Amino acid sequence: IATTLRGASPEEIESHVTHTFNFLSRIPWTRDLRRVPQIAFAHHEKLNGRGYPNHLTTQQIPFESRLMTISDIFDALTARDRPYKKAMPFERAFDIMYNEVNQGLLSKELLDIFVQSKIFKIIDQPESQSW
């Protein structure tokens, strides 16, 4: 899912993961949270190596990053607070995400859990959503 902002190059948009990693790496995390920078750094990686910034494949991507990827894509597609785009209905967002599963980009098992558990319902969404 590539959403470009007016005037921003793909490199500028993609650089946010590196900036996030650099920022998070400066925090003195507790032992239990010490992997937070690496998890955030890999949240735009795709299972087939087509993601960024390091073009990791399934086995190289932390499990937590794969979970974060699904949540991040869902948020990017459905958020109502983005001044540069309209929020997408859940149904359309899930169609797009399952298309990414079919392309080998996302984990079907993790997306199924996300959808079936309806964990996304904690987000304040209009009553008209059928999910």
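Buried means under 20% relative accessible area, exposed over 50%, and partly exposed in between, with a 1.4 Å probe and protein chains only. The legends below describe a predicted model, in which local features need pLDDT of at least 70 and side-chain atom pairs count only at pLDDT 80 or more, whereas totals for chains, interfaces and linings use all residues. Residues are numbered from 1 along each chain as its sequence is written, and side-chain values use heavy atoms, with hydrogens and water left out.

**Figure 1. Overview of the protein chain, with 6 helices and 0 strands.** Helices (H or I, at least four residues) and strands (E, at least two) are DSSP runs, numbered from the N terminus. Along the sequence the pattern reads α-α-α-α-α-α. The protein chain has 131 residues, of which 34% count as buried. Contact means heavy atoms within 4.5 Å. Of the contacts between residues at least 6 apart in sequence, 48% join residues at least 24 apart.

Figure 2. S107 counts as buried because its relative accessible area is 13%. Leaving aside neighbours within four places in sequence, S107 is in contact with L47, I70 and V101. The side chain of S107 reaches the backbone nitrogen of E109 at 3.4 Å. A polar contact is a pair of N or O atoms within 3.5 Å; within protein, one must be able to donate a hydrogen and the other to accept it, and residues adjacent in sequence count only if both atoms are side-chain atoms.

**Figure 3. The largest cavity, with S107 among its lining residues.** A cavity is a set of points, on a 1 Å grid over the protein atoms alone, where a 1.4 Å probe fits but cannot get out; lining residues have an atom within 4 Å of a point. Grid points are joined across faces, edges and corners, and a volume is the space filled by probe spheres set on the points. By this rule there is 1 cavity of 30 Å³ or more. The largest cavity holds about 70 Å³ of space. Its lining consists of E45, K46, L47, I61, S65, R66, T69, I70, L105, L106 and S107.

**Figure 4. Helix α5 and its buried residues.** The 13 residues of α5 reach 18 Å from the first C-alpha to the last, close to the 18 Å expected at 1.5 Å a residue; the expected span is 1.5 Å times one less than the number of residues. F90, A93, F94, I96, M97, E100 and V101 are buried in α5. Seen down the axis of α5, these buried residues fall within an arc of 160°, so they line one face of the helix. The arc is that of the directions from the helix axis to the C-beta atoms. An α-helix has 3.6 residues a turn, so residues three or four places apart point the same way. The cover over the buried residues of α5 includes α4 and α6 (108-117). Just after α5, G104 takes a positive phi of about 80°.

**Figure 5. H43, in the loop between α3 (36-41) and α4 (63-78).** H43 is buried because its relative accessibility is 6%. Not counting residues up to four places away in sequence, H43 touches H16, V17, S65, M68, T69 and D72. A polar contact at 3.2 Å joins the side chains of H43 and H44.

**Figure 6. R82, in the loop between α4 and α5 (90-102).** With a relative accessibility of 21%, R82 counts as partly exposed. Residues up to four places away in sequence aside, R82 touches D75 and A76. With D75, the side chain of R82 makes a polar contact to the side chain at 2.4 Å.

Figure 7. The peptide bond from Y52 to P53 is cis, with omega near 15°. H55 has a positive phi of about 55° although it is not a glycine. The relative accessible area of H55 is 49%, so this residue is partly exposed.

**Figure 8. K118, in the segment after α6.** Phi of K118 is near 55°, a positive value in a residue other than glycine. K118 counts as partly exposed, at 40% relative accessibility.

Methods: 1 Å grid on protein atoms, 1.4 Å probe; cavity = no way out; pocket = protein on both sides within 12 Å on 5 of 7 lines; lining within 4 Å.
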